[in-house]
Amino acid sequence: MISYIVPTMWKYEPFLDFISDIIEHPLIGEVIIIDNNFNERPNHSIFANNKVKLLNFGKNVFVNPSWNEGVKNSKYDKLAIANDDIIYDLRVFDKVYDYIKDENGPIGLSVDPNAVNDAVIRIKEYNFSMSQLQFPQLMFMHKNFYDPVPSGLDFYFGDSFVFDNALWKNKKIFAITDIFFYTPGTMTCRHLDLNGVYQREREVYKQVIIDHGHIPEVWSGHFR
């Protein structure tokens, strides 16, 4: 079974209706919603579903700490970490399930949401010619692989850490291609004042790379 982890500030109206579809999938054991804006939480019947676990810390704990809390509170070894402003083909759970294992790293999206594809849903070993743009919007991984995103990285570089951590651990990375996928993009971030945050967290992540024995300016992983 899969633990589905998603932080939200409730800015994307279709979110809970889409979660209603997700919880009906037989491979989804639980959906962990990290409520980072409880004052705007909508009323919805989904909250009565016993598959739904709502985590509320009384404040916005931000993106990467939400991932950490979701993983810590998950009860299944197979994880999905997702954005709240995406819609995609739910057949992906069947396609990706057997790839979520201890010896592999993350499996993430490599799609152009504006491109036309055959919607077959293919899982391919990742290579650096593939797009990383949508990778963090839906990622699958085994719980034994996941290391908490380091302190000081609240909004940015959590996906970089997951991706690079797989390279540092010599784990295979896989890409999900040719899938129906839609997002309006940055539905939450557009409501936040993140002035200066990226540069500050970039310096934190540079130190993470150094701590793993690499030079940030020449590291060829996910650092940008």
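Two strands pair if DSSP finds at least two bridges between them, where strands (E, at least two residues) are DSSP runs numbered from the N terminus. This is a predicted model, in which local features need pLDDT of at least 70, side-chain atom pairs count only at pLDDT 80 or more, and totals for chains, interfaces and linings use all residues. Residues are numbered from 1 along each chain as its sequence is written, and side-chain values use heavy atoms, with hydrogens and water left out.

Q: In which sense do E6 and strand E9 pair?
A: Strand E6 covers residues 104–109, and strand E9 covers residues 172–177. The two are joined over 4 bridges, and the sense of their pairing is parallel.

Q: Which residue in E8 does Ile107 stand opposite?
A: E6 also pairs with E8, in the antiparallel sense over 2 bridges. In E9, Ile107 has Phe174 as its bridge partner, while in E8 the residue opposite Ile107 is Phe140.

Q: How many residues of strand E6 are buried?
A: Buried means under 20% relative accessible area, computed with a 1.4 Å probe on protein chains only. Strand E6 is mostly covered, and the count of its buried residues is 6 of 6.

Q: With which side chain does the side chain of Gln134 make a polar contact?
A: Gln134 lies in the loop between strand E7 (122–125) and strand E8 (138–142), and Gln134 is buried because its relative accessible area is 5%. A polar contact is a pair of N or O atoms within 3.5 Å; within protein, one must be able to donate a hydrogen and the other to accept it, and residues adjacent in sequence count only if both atoms are side-chain atoms. At 2.6 Å, the partner of the Gln134 side chain is the side chain of Gln137.

Methods
Buried means under 20% relative accessible area, exposed over 50%, partly exposed in between (1.4 Å probe, protein chains only).
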